[in-house]
Amino acid sequence: MLKFRTVRGGLRLLGIRRSSTAPSPNVGHLEYKPIKKVMVANRGEIAIRVFRACTELGIRTVAIYSEQDTGQMHRQKADEAYLIGRGLAPVQAYLHIPDIIKVAKENGVDAVHPGYGFLSERADFAQACHDAGVRFIGPSPEVVRKMGDKVEARAIAIAAGVPVVPGTDAPITSLHEAHEFSNTYGFPIIFKAAYGGGGRGMRVVHSYEELEENYTRAYSEALAAFGNGALFVEKFIEKPRHIEVQILGDQYGNILHLYERDCSIQRRHQKVVEIAPAAHLDPQLRTRLTSDSVKLAKQFLLNPWPHRPDMRLLPLPSSVDLVHAQIHVAEGRSLPDLGLRQENIRINGCAIQCRVTTEDPARGFQPDTGRIEVFRSGEGMGIRLDNASAFQGAVISPHYDSLLVKVIAHGKDHPTAATKMSRALAEFRVRGVKTNIPFLQNVLNNQQFLAGTVDTQFIDENPELFQLRPAQNRAQKLLHYLGHVMVNGPATPIPVKASPSPTDPVVPAVPIGPPPAGFRDILLREGPEGFARAVRGHQGLLLMDTTFRDAHQSLLATRVRTHDLKKIAPYVAHSFNKLFSIENWGGATFDVAMRFLYECPWRRLQELRELIPNIPFQMLLRGANAVGYTNYPDNVVFKFCEVAKENGMDVFRVFDSLNYLPNMLLGMEAAGSAGGVVEAAISYTGDVADPSRTKYTLQYYMGLAEELVRAGTHILCIKDMAGLLKPAACTMLVGSLRDRFPDLPLHIHTHDTSGAGVAAMLACAQAGADVVDVAADSMSGMTSQPSMGALVACAKGTSLDTEVPLERVFDYSEYWEGARGLYAAFDCTATMKSGNSDVYENEIPGGQYTNLHFQAHSMGLGSKFKEVKKAYVEANQMLGDLIKVTPSSKIVGDLAQFMVQNGLSRAEAEAQAEELSFPRSVVEFLQGYIGVPHGGFPEPFRSKVLKDLRRVEGRPGASLPPLNLHTLEKELVEKHGEEVTPEDVISAAMYPDVFAQFKDFTATFGPLDSLNTRLFLQGPKIAEEFEVELERGKTLHIKALAISDLNRAGQRQVFFELNGQLRSILVKDTQAMKEMHFHPKALKDVKGQIGAPMPGKVIDIKVAAGDKVAKGQPLCVLSAMKMETVVTSPVEGTIRKVHVTKDMTLEGDDLILEIE
């Protein structure tokens, strides 16, 4: 076959592909010698292609394979297979002529097919076959030498009168010769391997500065691919069409062509897509191409030996099987004997060939390696597949060509063939390795391609081809997650050993049709001000249901999944349209959704909004902290509120953990500017009815309320996080507020830790509150909110009647009772059997009470929880008697656990404050990073802890420069792809590390929201069968089959049956890997050995071996259960050795570093 490029209407010969032979004029009739056994001196798809043809002809086949190819498909497709090149490098094995000839002679092989690449253009290999008495299916050694030598081939073409581009007359031997050529012909030029093709050893050079590097790279590639690094140089023709002509000849002088194919779509000079015939090719030009090809073939092939056809051939519409013809010609038959005459060769339709490879187009077509976990091909009418190594379980190594399969589509014309190819590629499912299929699909949908007007710059000039749509890969990602849980246990930390309930909760019946109108309809119609008037004018008591957020945060460590919230959401919409609102978002649920549940908090909001369109949604906004635990630039807080409102949020409960007014005002302004209902919340602590409590008095709260009303709040809230409001205090505080602000809606939030919650809320309602917070009965009480059923029943028939049907509350509670059983491992009742009135003393907020309890257990302090609560009181006093709401409550809790962990009393902690490495949250609070507490900071404790550390004056966020959200978005797109949303940008701005880990996790596992909670937490049991609905109409049928023993890599193979097909995945056994490593402990009596003060993960290392450190200098940062601790140096000295790395998980007292 001859390869031409069309340039400005003329022809330039660039290379030759052999397909046939022509005899010398005096050749007579040769003897017919049937071939009985063929060995293919190659691998992959071409070897299989030849084997199939041989089998059809009744010829026995022999494969050879390297040590790295023991699992490859080509050796399984042959009748016999033999190892070659033992101990050699992977490519060198297939270039080792002595081994190949030895296998042929020892096993009765009478013909060798070289395939393409490797030894196919090596004259010494053809000669070795001839010397061994084995037929070489291809040219004679001399013709191979001439045709394999591109320089000599050029000379022959010139002698035949075929025009060629300027090039060197012989392989160049130095860089100087390349300089001389470029001086003569100018740039650009191209280096080409003199003894091979396929795009290897080719480099385009545009300037003198690029010459040396490209010469070196081309030589190296040619040497590695063909065993000879010789290069020649040609003038590079820019933007040509790369058109090749296929020819076929025999030993009797018969030569014919099979028309052309367009190979213009290339990357790195390697063909990606081939089209036959070439579209829009002028008939006269086609005639010139084909006639010159035949003429050149006759000039070349004056030799009585057969030539091989190029195996990269498309199944051209001529329907000629060139492999059959090639073998028959090698046996001595003529083309007319085979019924092949030029007048009978006709173009019949169009064929397109795509090379499906394990390359990642998004990373410059970088080859990908690994194990193919799933392989499903595209098939059907007009589709042919030539496989290389494409099957489930195949291991793609880095040693050879990245080809998986060649896909060939045939149709009546170019658009029809393209449609068939596009459909076939869409049917492919390849998992475990990246492929170029998304790129090929973009090519097939490109209008320039469909118009047939492509050239060799097509890929470079169409960057939109690289806008790849990622494969969903949902089923396999789910299996990976399930396998991970089956091998390593739950992916989310489990505080106590308790299994999820084996039964799913019962969802009550939901009426057909849209839900009845609710308060949200008023809000949408009349805006925030009209909504507030409607609330204040409502007769009776309104309720906010916290079951969707604060209730499960308080009882179940914020672990309730969207999966279970969505199930009951339609029932809530139809049954509780009289609710003031549903609290379902914000606060701790935001980061926990990503951190532990591996779901997007924004998607939760979107999905619930769709299911509950009639009831207002309410969220918890931590003032200037938004939904975080630190300060953010003001523009981030404003953007957060804007995006939250766009996604369906209605009421923003804005608070600050210290009641620090500047922080609250920022949050209120952000929520208001977004168009939300602003509910300013005063965090409550102490007891206004107790005259001995002089810090947080009635006057303090009334003064704060005045400021918030003046700032424009639509609703005023009292946020009693610890449940400290007693009925007398309720009457006094709410009554005073109602008298002072008669037209302002009042909303009261409390926790029922003491057991007095229902009484307190009734007292608030009687004193003039418009709204109180409740939770479903089975999710109420203890550290949660008061019982919805109790409030509804007590108010029924009175002026406070809630208009909520009590029987609907019962059904609602039954669902949540079942759902709560799924979260047994997180349920506070695992160790807490009731509420406790000691909350009036320790003032631990309800949500934190549960979390603190779980944190204590995770840190080995479960038996000391009473001490933790006592330490909480002391820690609170050390910090100046704070209002304790997230994050201030977390600061007090961190300090309390630190004191218990290290056996410190308040007096000891204060006395040793200059030497101790306090939790980061405590240090940052004392620096002023969350604001200024009422009454100021505690001294001298603050000065002892901070020493010379920076102190923040005024509102912490005021000094932060705006965050460039556009730049952040670009960074996220670069890292995660085009699917980044505005919501993702805000998540990354709030929690950069958590969001990055969430994206990494969900890129590997998912979609987890389709799993029921028991499977999410515990995984399936062996032999368990279950269904997973990915979306409406797409359901997976899965059965867990088995788990293998540990392999040498520390992995276990997990087997499933998915939709009736066997699937397996490899899962790293993290516990086994951990047991292979033992971390040293710090010796307490060795002063320079620094141990971990608590179990946790190393998130930052601030020093290295050899560094000088001062006493009190930060050494590293540990994190455990969202609490971060800076480990500081207790002495001055030099770092001798660092024993930890970033992200390493440590146990208590694990050695961090040594100081001398």
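1. Basis of the note. The structure is a predicted model, in which local features need pLDDT of at least 70 and side-chain atom pairs count only at pLDDT 80 or more, while totals for chains, interfaces and linings use all residues. Residues are numbered from 1 along each chain as its sequence is written, and side-chain values use heavy atoms, with hydrogens and water left out.

2. Confidence. The chain has a mean pLDDT (the predictor's confidence in each residue, from 0 to 100) of 88, with 93% of its residues at 70 or more. For residues 1-28 the pLDDT is below 50, and this stretch has 133 contacts in the model beyond near neighbours in sequence, a contact being heavy atoms within 4.5 Å. Residues 302-317 likewise stay under 50 in pLDDT, and here the model has 95 contacts beyond four places in sequence.

3. The barrel. A closed barrel of 8 strands, with parallel pairing, runs in the order β23-β24-β25-β26-β27-β28-β29-β30; helices (H or I, at least four residues) and strands (E, at least two) are DSSP runs numbered from the N terminus, and two strands pair if DSSP finds at least two bridges between them. Neighbouring strands of this sheet are turned by 30° against each other on average, direction ignored. Strand β23 (residues 542-545) runs parallel to strand β24 (residues 581-586) and is joined to β24 by 2 bridges, and Asp545 stands opposite Ile582 in β24.

4. Helices on the sheet. Helix α16 (residues 519-537) packs on the sheet, where it touches β23, β26 (651-654), β27 (677-683), β28 (715-719) and β30 (771-774), and its direction makes about 50° with that of β27. Axes are lines fitted to C-alpha atoms, for helices over the stretch in contact, and angles run from 0 to 180 degrees between N-to-C directions. Helix α23 (residues 698-710) also packs on the sheet, touching β27 and β28, with its direction at about 160° to that of β27.

5. Strand β25 and the opening question. In strand β25 (residues 617-621), 5 of its 5 residues are buried, that is, under 20% relative accessible area, as against over 50% for exposed and in between for partly exposed (1.4 Å probe, protein chains only). Phe617, Met619 and Leu621 point one way from β25, whereas Gln618 and Leu620 point the other way. β25 pairs in the parallel sense with β24 over 4 bridges and with β26, again in the parallel sense, over 4 bridges.

6. A contact between helices. Helix α19 (residues 588-595) and helix α37 (residues 992-1004) have axes 8 Å apart and pack at an angle of about 40°. Asp591, Met594 and Arg595 of α19 meet Val994, Phe995 and Phe998 of α37 in this contact.

7. Helix α4. Ile97, Ile100, Ile101, Val103 and Ala104 are the buried residues of helix α4 (residues 97-106). Seen down the axis of α4, they fall within an arc of 160°, so they line one face of the helix, the arc being that of the directions from the helix axis to the C-beta atoms. These buried residues pack against β3 (37-40), β4 (60-65), β5 (80-83), α3 (90-94), β6 (111-113) and α5 (123-131), whereas Pro98, Lys105 and Glu106 are exposed on the other side of α4. Gly108, which follows α4, has a positive phi near 65°.

8. Backbone details to inspect. The peptide bond from Ala276 to Pro277 is cis, with omega near -5°, and Pro277 is placed in the loop between β13 (270-276) and α10 (283-300). A cis peptide bond also joins Thr886 and Pro887, with omega about 5°. Phe118 is not a glycine but has a positive phi of about 45°; Phe118 lies in the loop between β6 and α5, and counts as buried at 15% relative accessibility. Glu843, in the loop between α28 (839-842) and α29 (846-858), has a positive phi near 60° and counts as buried at 5% relative accessibility.
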